[in-house]
Amino acid sequence: MKGPIRGVAATFLALLGFTAVWLTVGSSYAGSRYADDPRNTRVAVDLDGPRGRMLTADGVVLAEDDGTRRSYPRSTAYAHLVGYDDGETRTGLESTRIREMLTRDDRSLEALLVSLTGGDLGPPDLHLTVVDAVQRAAIDALGGRTGAVVAIDPTTGAILAYVSSPSFDPNTVASGARHRDDLDAATAIDRVAHRLLPPGSTFKTIVAAAALNRGTDLDTLFDDAADYTPPGGIPINNAGAGPCRDGTTITLLDAFVVSCNVVFAELAVDLGGGPIVAAAARFGFNARIPWELGNEPGVVPAAADLDADTPALAQSGIGERDVRATPLLMAMVAAAIANDGVAMAPYVVATRTAPDGTVISRYSGQSLGRVIPMATAAALTEMMRAVVVIGTGTGATVGDVAVAGKTGTAEGGGGPHAWFIGFGPTDDPRIAVAVVVEGGGSGGGVAAPIAARVIAAWRDSMG
Amino acid sequence: MTRRREAILIVFSAVIAGAGTAAAAITLGREVVSDTVGAVLTQLGAFGTVLWAITRWAPSASRLLLAPAAFITAIGCIEVYRIDRDLGRIQRWWLVIAAVVGATVLYLLRDRGVLVLRRFRNLFLFAAVGLLLLPLLPDGLALAGAEVNGSRLWVRLDLGERSISFQPGEAAKLLIVVFLASYLADRWRALAEMPRRLGALRMPEPRQLAPILMAFGIAVVVLVYQRDLGASLHLFVVFVVMLYLGTSRPSYLVAGGTMAAGGMYAAAATFSHVQVRVEAWLRPFDDYTGSGYQAAQAVFSLGNGGVFGTGLGYGSPHLVPAAATDYVFVAIVEELGLAGGLALVAGYALLVTAGFGIALRSTDRFRSLLAAGLTVTIAAQTFIILAGVLRILPLTGITLPFASYGGSSLLANMALIALLARISHEERA
């Protein structure tokens, strides 16, 4: 009988031991898996604890705890990126990254192990990829006009500047001086990622990419007509009223450099809806960009609809009619061309550090895959470089940085929207930019100089 | 370990009870002084009384039993008080009564020892069956059955303006263990011999099995009829394990396991409230607002504690329905953390180890079986409810020994500890 008693005793003790292990694993799993569950009312309290700071790549503090509330030392400059916390609602990175800035002392087994090995469990700081010098240059260059500027490192997807204008002071919302519902919708909107506009001639980069993918090259000749009337549609004119060159023929390169509407409208009709929509979709149209602050998907109509409606197809070829894009999307188009045809997902948090400075986590860009062949990217780079050297985009010239780009002047209700997308330096692109000034005028005259100032500021900040 | 050290450990448990009660009372804004003094005095008085009774009537008893029980009780009382002030205060009275019951058991057995229990074997069996049948008494009498949460296992004694509710099943379990130990000690040879064959299965003479099957059948039928699955499962495990221990025949375990599996399957197929439990076990978040609510809240609660817990009064254990009874362990883990939970499990492991140690040292077959049966009772109950609240198994609502709120359970378990102490005394004397 003693044998069976030993066996039963061992069994029950083993069951208790198993329970202890299950409890250990289960409670820490439940802690991490269900801490964010909206039905879990236990966690809501924790979000009010002390929080770390947000800093730019050049060390400027963007958000920090200030007694009882959050404070934003750069005021209006980062309202749409950093967002605000008014105690009830959070926006921007204040919302998406709140958990990463809270103290790591969450009573978990992991936190205990970290503290036992001498780790600092205090509220971590977030170091962003944005460069305050570049951001400031973009804000100054916009000069309060309605629009947006976004700059990206094309090789990594790191956001270098993120400006939406007009802006508001998040401090007034955080302090309660102004209720968030009283913010003007025109200032509250993030025009970088949530404002859809016709991209105008900047969309010619995509039509050109579609043509280059199908064997057209820079020297392919097109008729240089003064206007083009698609069957059943209204005439499409060039910007200068008249032919783009001498009225005979024009190469693809020259048509791109002077932004020849007639050539690109006809090219779009020749290509048909399929190739254009496919190229646009590869660049990120008709889908959401993986960007943590969300975005409105760019719009290109379905290929079948375009093929059934030649005037719409022709106008889509010059970025009008129903084609829509956000500045963020167009910046990614420029960035993908700059990065030899590979698109990178945008990101803005570079590192997360403990108060004692040790790096807790490091973030890097993720590839979204190849968008265009390397040869197409090289050809587009050559075309876009020519735009800045001898074409519509000379306003984007920066002293010692070889800039490539494309202007756009899109139809808008209150005057044309001025667009510029570009990147530099062309031999080793490290910054891609998209600029839009709503109702601002011509892309070459208004948007291109803003891009130049942003790129110059970036060059200066690199030392 | 000497009696003096055991006394020191009991004082420690009283300090824990006082400190925890004070912490909870301060956080929750309750009567700090009176509740703290009450907790300390109750803990000291109750376990002091049992210790005194052991010293007097079972002086050679194992010194390993009382300290873990006192520790678990202290933690349980703190958490019950934290969840519900009034339940916590009532629990103190139950603890005092339980101590008196434990001391009484030791007093009654002071001269003739546990062996005297064998004489009343059949009386115990009938008493157990009677106790199990009590809740089926119709409503409206002075002593009436009562239904709580769909299970009819309560009896309410009407005393004019007041009434006392208790679960007679808790006491019945002890009586059945005593009956089984006695019966198996006498008849084990007959039960171990297996002259009959039923297919590939060897069987003892059916005549030998009859009383056991009857006892088992009545208990299980009554419990299933009362829809108390936890107690039914618990009793079944104790039965089967004791049969195995008494006969050293693993075939009883095999047959018992098969019957248990079949019974659970049948229960799941028959009773809708069992199906609901199984669903809540496997997929608590599918019906979050309905049947899964309790299990889902328990998951949130477990995840909230971390290593050292939120601190008494800082968690939200009351969001889990039945936090003070079935789910008291989850509440303890939320507020005292993984550390508190593991300490409690260690306490049970100590208690169970001490109990089996007594069974192993006993030279007399009855005493050894009784000690093992009592220990299995407490070990199985602990595992069934821990596994239920931690979702290792479906939840079957029974109390966590010494920790859950509930007088019947506390009384029965204190009597159980007293019996174990007496057995260990007799083996050493």
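This is a predicted model: local features need pLDDT of at least 70, side-chain atom pairs count only at pLDDT 80 or more; totals for chains, interfaces and linings use all residues.
The contact between the two chains draws on 30 residues from chain A and 38 residues from chain B. On the side of chain A that touches chain B, helices α1 (2-33) and α5 (109-116) of chain A each contribute at least two residues. The largest share of this side, 19 residues, is supplied by α1(A). By residue class, the side of chain A that touches chain B comprises 17 nonpolar, 7 polar and 6 charged residues.

Within chain B, helix α5 covers residues 121-133. At 1.5 Å a residue, its 13 residues should span 18 Å, and the end C-alpha atoms, 19 Å apart, agree with this expectation. The buried residues of α5(B) are F124(B), L125(B), A128(B), L131(B) and L132(B). Viewed down the helix axis, these buried residues lie within an arc of 130 degrees and therefore line one face of α5(B). The face turned away from the buried side of α5(B) bears the exposed residues N122(B), L123(B), F126(B) and G130(B).

Residue V155(B) is located in strand β2 (residues 151-159) of chain B. V155(B) counts as buried because it has 21 C-beta neighbours inside 10 Å, the threshold being 20 or more. When neighbours within four places in sequence are left aside, the contacts of V155(B) are L134(B), P135(B), L143(B), G145(B), A146(B), S165(B), F166(B) and P168(B). For one of these contacts, L143(B), the separation from V155(B) is 12 residues in sequence and 6.9 Å in space, C-alpha to C-alpha.

Notes: Residues are numbered from 1 along each chain as its sequence is written. Chains are lettered from A and ligands numbered from 1 in the order in which they are written. Two residues are in contact if their C-beta atoms, placed from the backbone, lie within 7 Å. Helices (H or I, at least four residues) and strands (E, at least two) are DSSP runs, numbered from the N terminus. Ala, Val, Leu, Ile, Met, Phe, Trp, Tyr, Cys and Pro count as nonpolar, Asp, Glu, Lys and Arg as charged, and the others, Gly among them, as polar. A residue is buried if 20 or more other C-beta atoms lie within 10 Å of its own, exposed if 12 or fewer, and partly exposed in between; C-beta atoms are placed from the backbone. The expected span of a helix is 1.5 Å times one less than its number of residues. The arc is that of the directions from the helix axis to the C-beta atoms.
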